Amino acid sequence: MVPFALAGVAAFAVASLITWLADAPQHWVVISLAGLVWGLPGTLTMVVHDRKRKRRRALTHPEFSARD
């Protein structure tokens, strides 16, 4: 899911830049910036969760091997 989150953050970054440069209505710029700001900690949370999931699975299922 991390690649999808990164794509979403990138899309909000592009949308923020376009709305700012195109002199779009102020609320469009604020909404796109809010998506960017909220997407960053969400992406980091998913990265940490995935890292911990690999460790948990290795402890509960020793036959499981996680490839990086």
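**First stop: a loop residue**

Select Asp23, which sits in the loop between α1 and α2; helices here are DSSP runs (H or I, at least four residues), numbered from the N terminus. Before you go on, note that this is a predicted model, where local features need pLDDT of at least 70, side-chain atom pairs count only at pLDDT 80 or more, and totals for chains, interfaces and linings use all residues. Residues are numbered from 1 along each chain as its sequence is written, and side-chain values use heavy atoms, leaving out hydrogens and water.

Is Asp23 buried or exposed? Its relative accessibility is 69%, so Asp23 counts as exposed (over 50%; buried is under 20%, partly exposed in between, with a 1.4 Å probe and protein chains only). Check the backbone too: phi of Asp23 is near 55 degrees, a positive value. Most residues other than glycine have a negative phi.

**Next: the two helices**

Now select residues 2-21 for α1 and 26-60 for α2. They pack at about 160 degrees, axes 8 Å apart (axes are lines fitted to C-alpha atoms over the stretch in contact, and angles run from 0 to 180 degrees between N-to-C directions). That makes α1 and α2 roughly antiparallel, a label for angles over 145 degrees.

Definitions and conventions
Angles under 35 degrees count as roughly parallel, over 145 as roughly antiparallel, 65 to 115 as roughly perpendicular and the rest as oblique.
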